[in-house]
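These are my notebook entries from a look through one structure. I put down what I looked up, entry by entry.

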Amino acid sequence: MVMLEETRTESGRMVLNMGPQHPSTHGVLRLMLELEGENVTQCIPDMGYLHTGIEKMSEARNYHQALVLTDRIDYLAPITNNLSYIMACEKLFDVGDKVPERAQVVRVMLSELTRIASHLIWLGTHALDLGAMTMFMYCWREREQILDIMENISGVRMMTSFMRIGGLVADVPDDFAGLVADFVQVMPRKIDEYETLLSRNPIFVDRTRGVGVITRDGALEYGFTGSCLRASGVEFDVRVNLPYCGYETYDFDVAWSKEGDVYARYMVRMREMRESVRIIDQGAKRLLSLKGAPIRLDDPRITFPKREKIHSSMESLIHHFKLVSEGPVPLPGEAYAAVESPRGEQATYIMSDGSNKPHRVRFRGPSFYNLQVLQHTIAGGLVADVVACIGSIDIVLGEIDR
Amino acid sequence: MTVPFSRWMRASDSPEQPGAVRPQALDAGGFSGASGVALTTVDRAVGWARANSIWPMLFGLACCAIEMMAMSAAKHDVSRFGAEVFRSSPRQSDLMIVAGRLSKKMAPVLRRLYDQMPEPKWVLSMGACASCSGVYNNYALVQGVDRIVPVDVYVPGCPPRPEAVIDGLIKLQAKIEYDKQFGKQFERAPVTVKA
Amino acid sequence: MVQQPPSEGATQAADETPPPPPTDIDLVIERFPGSFVPSWRYADQMPTVRVLPEHIREAISWLRRECETRYDMLVDVGGSHWPDRDEPFEVTYILHSMSTNARIRVKCAVAPHGGELPVIPSIALIWSAANWPEREIYDMFGVEFTDHPDLRRILTPNDWEGHPLRKDFPLGEEPVEFYRSASSGV
């Protein structure tokens, strides 16, 4: 930690320490700002205040156990973390293309639900930073509806750990379809409601339009992904460009914009929520036609035997015990799997040495790359724009520090 | 003489009877009916006031911070319990909700924030990571915030539901209300910070 | 499953059909001496090439600006530690091409000399996206990147000792009551 003892530099500029405890840094980010009056002349971000050692921890757990840790990397979108980890494992076990379709549909639906939930948190806190208190309450109201769905399927509101290698932990309950239908019906109107509050609100527009502009070249130079990249004029979406879980069969548009400012990122995310609702709707229709289909791969190397078999056959009991205590063992090799998380390309890179524990697990957090550009966008701007810039990049410190 | 709440209600609802037993001493916060007099101790009155106006610090570390925000937002609405005034500055707050895992890099900052809070102050350890580092028993995390600051209430869960945090908050309110407000309570033992 | 060099398949089919155009992997191997495709299972089917550390900067720069596919996005830079190998520290770069959606993985491995940290040229000056990931690798694995603009620890505190993701760094678990009683047979 670089401690800034003096509050003024030699040139008479003021040094302001923002964070790690600051309501607008969206976590424990620390920014050291050098100010000349109202203008920021320099910004040095400092991270690591949430370094959890998840990567080291995953190396000490077997493939099933490490799944629980992945929920807590990007804690606004636990499902997409699970999914990228599980997809990397499936590639490692060479079962990536054998996952049952019902499981794939549920994965897509849950990913999109979690995307909306994450965008709602972003919208609520970002608007709150810019002075719109009502948005916070409205967004949380709809988010509770999504969390109710999550609780309905898994019993947990946030950290569901619902995915398993080769499918899902359990089938979705019968009332899942009804809850989703309610949500799909309600959500578009609610997004309209948000837009009436913000999109033409003069205070919001003045504080966001033309602020924190990131050009197309700058976005590619700094490894941007996700909504930030799309707001800078690059039409890149992992769901479209490198489709997974059957995303290529869904009908949806990729929201993008050319301006690259805070307002463009806001508009892109708002449109993304609408597209997500469309995908959920299509998924719900598919789920009806796949009623009773298997939700997990039947592969003795990975998946547990059926409960009835464990009770009746000795071999199944031993098999179950081996899978639980030792875990599945892949061949040596490595696999990289990427998904489109609400913040961008969230990827897991697993290297295996042929033992029951991963040799190395790397989590590529999109926020880690997206945050790099922050120091350059806010340098030269006003202090008041700093919170707008941080909010619009939509960082999650758990993913940056891991 | 303390009168049960139900009896007091009946007494005040019924018309005046000569010689009827009127409540003489009531909990602070209760009203003494027609006489307009409440007798209590300063300790209880201060405790009642403190318990019902907790100002938590807006201080989130990780996942639990999201549930802490959910607690203060529309559905769960912690303002029903008089603790919705989240302050961003430690100097204005009296409750620190440690919401999330505490890394070793963050630990000195947390202690500094705690020291900046004015007395009386309380700490609520929210979630498994704050209480005992949860699933992360490793090099990077402090194994429980009680090694850094004294904790009054532990709320289990990963992350705890907002209802669970509200329950912890009510338990803390009871603790604040019925504790001794002056004197020895705040002479806490010095906390040793392990590296 | 060992990845076969594409040139073998080309010689077998040379009689009937013209050889397929060289892939970017072939071009990298041709351009930068010492590069090769490691014999290792890449379960995600991403083309992989390993180049010598002294060529890494030119190789990445060539793939980004001169190569026909134009890998214009640096997706990820990650490190790994394989203590049993001759060159235990490995840095992996994953590049993406916006125009063709192709991905390529470039690897680079080094060994420490004596008691010093292993050294790899930094690509942060030619590609700013690599700045923080390289700092992270320096922090977590103790790989030094030469010519890096700002090589400091990024995740652990500045006074931290050791590099946590090295295999010889302990996980740092503290004994827990439950385990203790289990080991003592209670």
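What is the area buried between chain C and chain A? I find about 4200 Å², and carbon and sulfur atoms give 54% of it. Buried area here is the accessible area (1.4 Å probe) that two parts lose on being put together, summed over both. The size of an interface is often given in this way, as the accessible area lost when the parts come together.

Ground rules. I am working with a predicted model, in which local features need pLDDT of at least 70 and side-chain atom pairs count only at pLDDT 80 or more, while totals for chains, interfaces and linings use all residues. Residues are numbered from 1 along each chain as its sequence is written, chains are lettered from A and ligands numbered from 1 in the order in which they are written, and side-chain values use heavy atoms, with hydrogens and water left out.

Entry: chain C on its own. I looked up the secondary structure and noted 5 helices and 6 strands in chain C. Helices (H or I, at least four residues) and strands (E, at least two) are DSSP runs, numbered from the N terminus. Along the sequence the pattern of chain C reads α-α-β-α-β-β-β-β-α-β-α. Chain C has 186 residues, and 52% of them are buried. Buried means under 20% relative accessible area, exposed over 50%, and partly exposed in between (1.4 Å probe, protein chains only). Of the contacts in chain C with a separation of 6 or more, 52% are between residues 24 or more positions apart. Contact means heavy atoms within 4.5 Å.

Entry: chain C against chain A. I noted 51 residues of chain C in contact with 51 residues of chain A. Arg41(C), Trp132(C) and Leu155(C) supply 19% of the area that chain C buries here, more than any other three residues. The interface of chain C and chain A holds 9 salt bridges. A salt bridge is a side-chain nitrogen of Lys or Arg within 4 Å of a carboxyl oxygen of Asp or Glu. I looked at one, between Arg64(C) and Glu221(A), with N to O at 2.8 Å. On the side of chain C that touches chain A, β2 (73-81), β3 (89-96), β4 (103-110) and α4 (131-141) each supply at least two residues. The largest share, 9 residues, comes from β2(C).

Entry: chain C against chain B. Glu174(C) forms a salt bridge with Arg147(B), with the closest N and O atoms 3.0 Å apart. I also noted 3 residue pairs in polar contact across the interface of chain C and chain B.

Entry: aromatic pairs. The whole structure has 15 of them over all chains. Rings of Phe, Tyr and Trp (its six-membered ring) pair if their centres lie within 6.5 Å; planes under 30 degrees apart count as stacked, over 60 as edge-to-face and the rest as tilted. The ring centres of Trp122(A) and Tyr266(A) are 6.4 Å apart and the planes are at 40°, so this pair is tilted. Trp122(A) is in helix α4 (residues 101-129) and Tyr266(A) in helix α11 (residues 262-289) of chain A, so the pair ties together parts 144 residues apart in sequence. Trp122(A) and Tyr266(A) are both buried. Ring pairs link Trp122(A), Phe204(A), Tyr263(A) and Tyr266(A) into a cluster.

Entry: Thr208(A). Is Thr208(A) buried or exposed? I noted 0% relative accessibility, so Thr208(A) counts as buried. Thr208(A) is in helix α7 (residues 202-208) of chain A. Residues up to four places away in sequence aside, Thr208(A) touches Leu130(A), Asp261(A), Val262(A) and Tyr263(A).

Definitions and conventions:
Polar contact = N/O pair within 3.5 Å; in protein donor to acceptor, adjacent residues only side chain to side chain.
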